[in-house]
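Student: Please take a close look at one part of this model, the protein surface near the RNA strand. What is it made of?

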Amino acid sequence: MNLFADIRALTLDAIDGLVRDGALPEGLDVANVTVEPPRDAAHGDMATNAAMVLAKPAGRKPRDIAEALAARLAADPRIRTAEIAGPGFLNLRLAPAIWQDVVGAVLAAGTAFGRSGLGAGSRVNVEYVSANPTGPLHVGHTRGAVFGDALAALLEFSGHDVTREYVINDGGSQIDTLARSVYLRYLEAHGRDVAFPDGVYPGDYLVPVGVALKEQVGADYVDRPEDVWLAPIRDFATDAMMGLIRADLLRLGVEMDVFFSEKSLYGTGRIEAAIEALRAKGLIYRGTLEPPKGKLPEDWEAREQTLFRSTEYGDDVDRPIQKSDGSWTYFAPDIAYHHDKVERGFDQLINVFGADHGGYVKRMKAAVAALTDGRVPLDIKLTQLVRLTRDGEELKMSKRAGTFVTLADVIEMVGADVTRFVMLTRKNDAPLDFDVSKVLEQSKDNPVYYVQYAHARVMSVLRKAGAAGIDVTDESLRMAELARLDHPAEQALAAKLAEWPRLVEIAARTHEPHRIAFYLYDLASGLHALWNRGHDEPNLRFLQDDPDASRAKIALARAVSIVIAGGLGILGVEPANEMR
RNA sequence: GGGCCCAUAGCUCAGCUGGAUAGAGCAGCCGACUUCUAAUCGGCAGGUCGAGGGUUCGAAUCCUUCUGGGCCCGCCA
């Protein structure tokens, strides 16, 4: 149930009625007619802009349309009053029974309340994390992981068929670097004194990999030339790194459906096939790029390369797909990878990248648009940097020195739930400050605890009520006399619950899971407020002497906890039953 | 030189793809624990929505120019 959608449908019906009566012309575009909660609750429960939107195309004054519309809407039993305000807003107040129905609907649906068929089962591929398999995940990856995972859950909740995917960049030269680094650790495991020159990964996390390699192959690679050991160590090291990464993801509660190996595309003709598909459209050619404007690389010289005409699809320059030695650039297998995703039948692709990949967005979109003739949309979400601090002091990370704050470190310090929630309390395209001491603070300064506390309070009420002999199962609470929820403060909280399905739709449509976190904070605030009003107004307490009144109020509280639990579920956070 | 993102209260940020008097939290001030855990709540104060121009019934939101910050810019992925 989505109350706002219902009332919007009612409004559109009323408009149709006015058209039939000849009060409005036919063929009006109603796409911009909205029904939403008014900014100021004093204006009513819902507001529609219909009269203003239709005024110009209909050639009538907004207030005239509003009056006619108000008369029709007021005839519906759900509508208590319809008032014209401001330039032509129609403010609606709903019958109290509507809010009571919302509570009943939440209890009936459980955490599925707010699920929708918006996606109509369309198949969405969400690619995220996809960190190079050269080391453990660090904080930057964590944000992408949390964001992608919440987005995937959100889309699933909204009726999409979602595949969570990680592409392993195991085909590039960084894997050679990894293999050489592991080789040095392997020699070290054999008691050799080794130096770590520039251009290899110095991190300690490779020490056990070197030891493991020694255990597997003994001294077979010692003092042997690179062409003997490079290829096998590449595979060995990649597997080891993916083992680390999977373990890291597990710590965070992220489970991928598909790990896709980039290397698996090589030698199969699939890269060539994807490029041929573009060539058939006349988008591949030999050419020489203009030198980049501004500061010129010192070793710049013009070279003829194989280029993709990405400018046809909105890119700024055409992009090379082959290096001058004839080998592929990273772009070519990536085109093939996206070609593969399209061929697997996805209706929509979403990639979550770090902000440093911003320059890559246009060419990737161009490639997908070219491959599918614009049929399959690709949305690329960039997550901005995380600035990790402790007591306001920055925890510096340097990948070069091999000292970086890992995902495992962060989880160790604050836990997965806190990490996930906090990282979702910011828009993906805004930088994020993450203070490991502050996020553990147990105060309303800290949104995680604030929301958790609201849930725990409800659980506490249920425990107390249960101890007092009240049946507090959801089945039983559904049968409560919800008509007793007649206080405006209670109806306001129920109204907040009614916004949940609408909010989920907006968040899913815009691919913005952070809206869930902000809504939950808002909902928690509503519960805390009502709770505290109980201090001065005992009739607003959830536990009453009259068991029937009590059950109705507990039903409301329980409905709030259900929506909080459902929302936290989308974010991948466990609701707390008590605070310690 | 070009591209992408960002700029909203002293601070950290929301703001429903164009709606009404722009909202939270923190910090500041005042108030509420014989209660369903005060890890909470109520109130006060705080704004030329970076600047200018444009689009229209209506702009923080869309277009444009500028200013300031972040990321990126052919053989790394």
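Tutor: By class, the surface near RNA strand B has 27 nonpolar, 21 polar and 26 charged residues. Here Ala, Val, Leu, Ile, Met, Phe, Trp, Tyr, Cys and Pro count as nonpolar, Asp, Glu, Lys and Arg as charged, and the others, Gly among them, as polar. This is a predicted model, in which local features need pLDDT of at least 70 and side-chain atom pairs pLDDT 80 or more, while totals for chains, interfaces and linings use all residues. Residues are numbered from 1 along each chain as its sequence is written, chains are lettered from A in the order in which they are written, and side-chain values use heavy atoms, without hydrogens and water.

In total, 74 residues surround RNA strand B, and the closest are F89, R303, S324, Y450 and S460; a residue is near the strand if one of its heavy atoms lies within 4 Å of it. Of the atoms of RNA strand B that come within 4 Å of the protein, 60% belong to sugar and phosphate.

Some polar contacts (pairs of N or O atoms within 3.5 Å) can be named. A polar side-chain atom of R457 is 2.5 Å from a phosphate oxygen of RNA strand B. D316 has a polar side-chain atom 3.3 Å from a sugar or linking oxygen of RNA strand B.

The elements that give two or more residues to this surface are α2 (50-58), β4 (89-94), α6 (173-189), α14, α16 (488-510) and α17 (514-536). Helices (H or I, at least four residues) and strands (E, at least two) are DSSP runs, numbered from the N terminus. The largest share, 9 residues, comes from α17.

Key. Polar contact = N/O pair within 3.5 Å; in protein donor to acceptor, adjacent residues only side chain to side chain.
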